[in-house]
Amino acid sequence: MPVQKRQCPTSDTAYDVRGEGSRYTLFCSSTVLQAGTNGSHEVLAVVTATGMATSRGQVMSSIIFPAPMVFKYDEELPIVIGLMVLYAIPCAAMGILCLDPGRVAISGKIRVFALDKTGTLTQAWLHFLGVQPVQSARAHTAHTGISMDAVQYLDKAGHIQTDSKLLWGLATCHAVSTSKVGGLVGNQVEVNMFSGTGWHLIEANGQAPRVEHPSDARQRLTITMVNEFEHARRSMSVVALDERSGELHVFCKGSFERVGQIVSQESVPSEYLQTGEQHASEGCYVLAMAHRCLGVVPVHQAAALSRNELEAGLDLLALLLFRNELKPDTAEAITQFKEGQVRPILVTGDSAHCAAYIGRACGMVAQHAGLLLADVDSSGDVNWSLMGSNRQDAKLQQSFTTAQVLEMQKQPKQTLLVELAVTGAAFDKLQQSEAVEQLLFFTRISARFAPQQKAEVVIMQQRAGLVVGMCGDGGNDCAALRAAHAGLALSDAEASLVSPFTSNNKSISSAVELIREGRCALHTRLACYKFLITYGLHFSVFNIAAFWYGIVLCQMVFISTDIFATIFLGYAVTLARPAKKLGRERPSSSLLGIQTMVSLLGIWILNVFFLVAAFCFMRNQAGYVLWPASLALEAEWWLLGDNWESSVLFFVVFYQYITCALVYSFGSSFRLGLLYNWALTVSITLAPPAPLASSPREKVLESFAEEGFPESPAMSFDFRIKLLALCLGNMLVIILWQKLIAEGLGSRALARIFPSKRVKLQM
């Protein structure tokens, strides 16, 4: 979707490309589809940054030099760095572009996922339903006489028929422009609102844009000034010239709460807020329109007024109603989050009542749960009130203090399930005390939040020791996307510039995919770590045994071991695919954790035991003669491998490497079964059977017999079959150890004995 850029206004405010200045900035590598109203319109731009100082340059810098994100195994890695060099190839996330591969594994430990509403949980576009006008205050002598009219919906042609002043406001109070390829460009809310009027937008070269009634050319308005939407004000305004009368009109559009505060209170019906909240609780995106007539004054005189002066003395006109539907896969994604023990929270700039509706519709808030909203009352205090008509507990009163809410959360959830919602104003108030940290893990919805407040929610969760994800699609999500451990942008615009992950399909299901891939990647990294550590430990035992018996294995032994075991098997382990569904557990991230060490050391000790057992079994064979290493000639070192000891050592250790690759690829709760890893399955199936056919060369033993040592026959086929059976028994014991002890009952018992100190979250 094209992004509209406007002329930089004259202002005392310093230019900041990361703030409001982004609206007037052409970013590096952007494609300009249209400059001005047509191809001949001359547009000048001032270069403010080049090279690495540009936004794109900073993105490239972050790719080359990513911000340090210390993870648990990063802290422990120096302890074991002398033993190995951790090697892992992160799993590529399906349908997700990644700028920082190191964060893929971090995503596997996400416990809280913050989600934006519009464009993330719901569709990016909103249907314009209609308006609910306010009866004119000038028609009444008392404030009590003002009331809300009935809702006026769009007609069959998709156009709104309403009061002329309100219609003028709908036609002018926007920042929409036309494209040379046809159609309207701008915020989808404003595009749909303007389209609902049926008016025409005319943009002539070098002139202010005009709007014209489709059937009455006398109704023509020129938009002389546009004050764009600001998150802090939660509103935007325009100045429009009625060309027929010469009067200037100010129209202001914004959140219904904000507009209700800045307009003349004489024009506000007593049921105004309640009506707006009711529409929001039914799933409507609710705005309000206000108006002020400046009279016949010069345009330059109006332009000299400040925004506060322009928006003073407004009269309320109407509520504007839009419908925002859930994406088809949102509810399923939320269900998978909860089943995977990931707590989803909603962080939005929309109203709390609309957020509550979306929260219940997608399953984030249980239908039977109560929902308490924290807002700031007229006295400036934080007050908690029960939202909606769902009062599943008669014990709940109408309003609460923060202390009462904290006490309520200590009660068992089986008897009282209450979710919390907080507005941006209440959040700022609660931050002045320690209450916000105590309420953090019970707050499900954060509404009317500014961009920096969204980021603060993410940062506070991180301070509590949680790994946090963030998913959003707009510029107001950039700060939170940057702050999160794993930010996922559902947009190709500004949000994708600061987020380490960007989704191709613009679906919330990508967040589930990211966690699945992250858990698989993290578990695979630990598997590679254990495999390479085990390889080093086994090789040390291999060398000790060779030194003990005075043997030197041939070069092909080392070549086949290094190539097949280290490269083929090691790489095949990394090709595991993520499980199809999120499980309730997360993989360990500790290199020195109990589960990791029980698996690694247990397998190593058992393998050493079976290697010793194989040597004992060898020594008890008829015809076995201990290798006379003292008679070997150093100049003929290649003959030191022609013996029983070399064959048994290589045979057993080689298949122990295969066994380790096999068991370290287990983990069905995080990865697909072993058979889905075709590379590992083929590698194990086609493991070289050469050790099974090896035997000492008789002429070497004959030369030793000439020195007075007894002759030793070749290794019998029967012994080699029994040795293979011992290796298979070794494999079976290792598999049972991994499944029953390291990952099964033993692991759970150790978890109960040594519980982790983690925050308990309500899914």
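Arg234 sits in the loop that joins β9 (220–230) to β10 (235–242); helices (H or I, at least four residues) and strands (E, at least two) are DSSP runs, numbered from the N terminus. The model is predicted, so local features need pLDDT of at least 70 and side-chain atom pairs count only at pLDDT 80 or more, while totals for chains, interfaces and linings use all residues. Residues are numbered from 1 along each chain as its sequence is written, and side-chain values use heavy atoms, with hydrogens and water left out.

Most residues other than glycine have a negative phi. Arg234, although not a glycine, has a positive phi of about 55°. Its relative accessibility is 22%, so Arg234 counts as partly exposed (buried means under 20% relative accessible area, exposed over 50%, partly exposed in between, with a 1.4 Å probe and protein chains only).

Arg448 is in the loop between β19 (443–447) and α16 (451–463). Its phi is near 55°, again a positive value in a residue other than glycine. With a relative accessible area of 15%, Arg448 is buried.

The remaining element is strand β2, residues 112–115. In a regular strand the side chains alternate between the two faces of the sheet. In β2, Val112 and Ala114 point one way, Phe113 and Leu115 point the other way, and all are buried.

β2 pairs with strand β14 (residues 343–347) in the parallel sense, over four bridges; two strands pair if DSSP finds at least two bridges between them. Within β14, Ile345 is the bridge partner of Ala114. β2 also pairs in the parallel sense with strand β20 (residues 468–472), over four bridges. There, Gly469 of β20 stands opposite Phe113.
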